[in-house]
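I opened the notebook to record what I looked up in this structure.

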Amino acid sequence: MANDSRVILLGEDVARMGGDFGATMGLLAKFGPDRVRDTPLSEAAILGVANGAAFVGLRPIVEIMFSDFITECYDQLVNNSAKAHYMFEGKASAAIVVRTASGAGFRAAYHHSQNPEAWFQNIPGLTVVGPSTPYDAKGLLIAAIRDDNPVIFLEHKMLYGTTGEVPEESYTLPIGVAEVKRPGTDVTVVASLKQVHYALAAAEKLAAEEEISCEVIDLRTLIPFDQATVLASLKKTGRIVLVNEAPKTGSINSEISAVIMEEAFKDLKAPVERVNSLDVPVGFAPVIEDYVTPGPADIAKAVRKVIDN
Amino acid sequence: MDKQKLLDYYRKMVLVRRFEETMEEYAKKGYIPGFLHLGIGQEASQVGAMSAFEPGDYVLPDHRGHGVCLMVGTPTREVMAEIFGKKTGTNGGRGGSMHVADLKRGNIGNNAIQGSTMATACGLAVSAQVKKTKSITFDFLGDGTVGRGEFHESLNLAGIWKLPIVYVLVNNGYAISTRATDAHPLADLAKMGCAYNIPGVTVDGNDVEAVAAAVKEAADRARRGDGATIVELKTYRWQGHFSGDPASYRPAEELAAWKEKCPIKHLRTQLLGKKLTDEAALKAIADDVEREIQDALKFAIDSPTPTIEDALRFVYVGREVAGK
């Protein structure tokens, strides 16, 4: 915001309070009420404002407090943000970033725990990014702000407390490029957001206790996913486990799996294994939430399954 | 009374009327793909309201907004070519009748989802506040839009942020077949702004002078920084919802009565009655308009269609999409 006066910030409680998770604290004092605006509970209008402002040259960042509430502005995202560049024949676009807290683990039940990425994968024009580390969060967020396309930026609410090295200076990470977090030879494990940490934990345990070598890939950009990195790793290992926290049916894992069948069927030594939440809502009680959403044990089990196959 | 201004309104209304009649004719001949929503009968609302539009302003046309698109200053041939789905159209033939946009002249385009443009309008107005310009936004709506959540969310935002917007609420009595009076509890929809501290005024939408005066006042208010206004224009669409809709849901006598209140006829009677012009001058205007329409028609018919390569362009900025 300091580098680019076109960047504005809108959302519920983003200004005076600094956001539900404190992510925008201090920005109102620094950039003033024209550029940092608290809004009423009006998700559709928030997205519409962002679209309109972007069409005439601003670069709005909006915060949709919880990703579950994106359903309220789905029309704006799907019919306006995603299609603007096409509709205007390249003369303008919705260069917006939608920051939103996603994911389970907060014991917050059905309407505060969902992972919305799959809701957007059938919409040409949308990009969905999700970091797993503080370093990636900064680099990807700056890249998203500078990107001329509408970018939905998922912040897993269980990762807000994560610490790690973050340089002071501005830097970007490329959108659409995955990162191999841990090299391995037996199985490729593809994950994103919080599940990256679970995948790494499972990989460490499997290496130490069962001598299974997992290559763990952090997608970082969920839609569109980095086919080249995923397929290159699969070529090396011949086995793949896809991990994603959203319900299984129609998830991004479904899409990645379909691409593997089309592009890399001959590289497979075993069927693709998908690790997702069950196809049920996320309930409140810890025992229910933990059972429904995937954890390191589920990932390890899937890895053993593709090895045994 | 400014004679030149009235003659200018007359020419513009005749242009919009002839444009719409020509579109209907060529839709029936099979030249126009898809739906076509016509605004015949609503010319005074479009021409009168847009007389307050200035360069640097923004406008979001409504569902029958061809006339509004023309009033921005976009060449008639480019609007027509877009409706014909041609590469020379405002959107390269990818938007069609419903999405004619001309960003450099401030037309941000319409949206098939009624009311979605209302939130976009708030964003355009916010951009003017952030950039500290005097741009105001004209947001054309139909009566059906009043039912949408975004109508209320957007008026609420416009109210709290004092956004420089003129809501031109074209109440033509029907949302497809549903009467406005069956869909909304108020007869005068301008009063809907009351809950958001946005003043509203209801005007005869077939009287171009009355429309122009009311919208000018609202525009001045917005430019002064005093916020949004709803100007409701009571009018009527002569055609069905889309070209080809027989509109059997409304009584013939109702249509006949509104045809008597034709905005062009009304202005013509005034101009002649007050001896501000004569038949010959009006005929000259009509002939001039006809030349413009025929030129646009030839342009639209002769223009190339988009190619299949165009289908893949501009999905993303800086990212290719695979073809077949």
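What follows are my notes on chain A, the cores and chain B, all read from a predicted model.

**Entry 1: chain A overall**

I began with the secondary structure of chain A. I counted 10 helices and 12 strands there. Next I checked the dimensions. The C-alpha trace of chain A spans about 60 × 45 × 40 Å along its principal axes. I then asked how the radius of gyration compares with that of a compact globule. For 309 residues such a globule would come near 19 Å, and chain A has 19 Å, so the two agree.

I also looked up burial. In chain A, 59% of the 309 residues count as buried. The accessible surface of chain A is about 12,200 Å². Carbon and sulfur atoms make up 55% of that surface. For contacts, I took those in chain A with a separation of 6 or more. Residues 24 or more positions apart account for 80% of them.

**Entry 2: the sheet of chain A**

Which strands form the sheet, and in what order? I noted seven strands in chain A, in the order E2-E1-E3-E4-E6-E5-E10. The sheet is open and its pairing is mixed. At the edges I found strand E2 (36-38) and strand E10 (221-223) of chain A, each pairing on one side only. From one strand to the next, the twist averages 20°.

Strand E1 (residues 7-11) of chain A runs parallel to E2(A), and three bridges join the two. Within this pair, Leu9(A) stands opposite Val36(A) of E2(A).

Then I looked for a helix on these strands. Helix H5 (residues 134-146) of chain A lies across E1, E3, E4, E5 and E6 of chain A. I read an angle of about 160° between H5 and E6(A).

**Entry 3: the nonpolar cores**

I asked which residues touch the most other members of the largest nonpolar core. That core has 86 residues. The answer names Ile152(A), Ile240(A) and Ile260(A) from chain A, and Ile108(B), Ile165(B) and Tyr167(B) from chain B.

I followed up on Ile240(A). I left aside its neighbours within four places in sequence. Its contacts then include Val187(A), Val190(A), Val230(A), Leu234(A) and Ile260(A). Thr188(A) and Glu273(A) are also among the contacts of Ile240(A).

There is a second, separate core of 66 residues. Among its members I noted Tyr174(B), Val203(B), Ala214(B) and Val215(B).

**Entry 4: the sheet of chain B**

I turned to chain B. Five strands form an open sheet there, in the order E1-E2-E3-E7-E6. The pairing in this sheet is parallel. Its edge strands are E1 (58-60) and E6 (200-204) of chain B, and each pairs on one side only. The twist averages 20° from strand to strand.

I picked out one pair inside the sheet. Strand E3 (residues 165-171) and strand E7 (residues 229-234) of chain B pair in the parallel sense over six bridges. Leu169(B) has Glu232(B) as its bridge partner in E7(B). Helix H2 (residues 43-50) of chain B packs on the sheet and touches E1, E2, E3 and E7 of chain B. Its direction makes about 165° with that of E2(B).

**Entry 5: Gly149(B)**

Last, I looked up one glycine. Gly149(B) lies in helix H6 (residues 149-160) of chain B. Is Gly149(B) buried or partly exposed? Its relative accessible area is 41%, so Gly149(B) is partly exposed. I also checked Gly149(B) against Lys28(B), 121 residues apart along the chain. Their C-alpha atoms are separated by 36 Å.

Notes. Residues numbered from 1 in each chain as written. Chains lettered and ligands numbered in written order. Predicted model: local features only at pLDDT ≥ 70, side-chain atom pairs only at ≥ 80, totals over all residues. Heavy atoms only, no water. Pairing = 2+ DSSP bridges. Helix = DSSP H or I, 4+ residues; strand = E, 2+ residues; numbered from the N terminus. Axes fitted to C-alpha atoms, helices over the stretch in contact; angles between N-to-C directions. Contact = heavy atoms within 4.5 Å. Core = buried A, V, L, I, M, F, W, Y, C linked by side-chain atoms within 4.5 Å. Buried < 20%, exposed > 50% of the residue type's maximum accessible area, 1.4 Å probe, protein only. Rg over C-alpha atoms; globule rule 2.2 N^0.38 Å. Areas by Shrake-Rupley, 256 points an atom, 1.4 Å probe, with all protein chains shown as cover.
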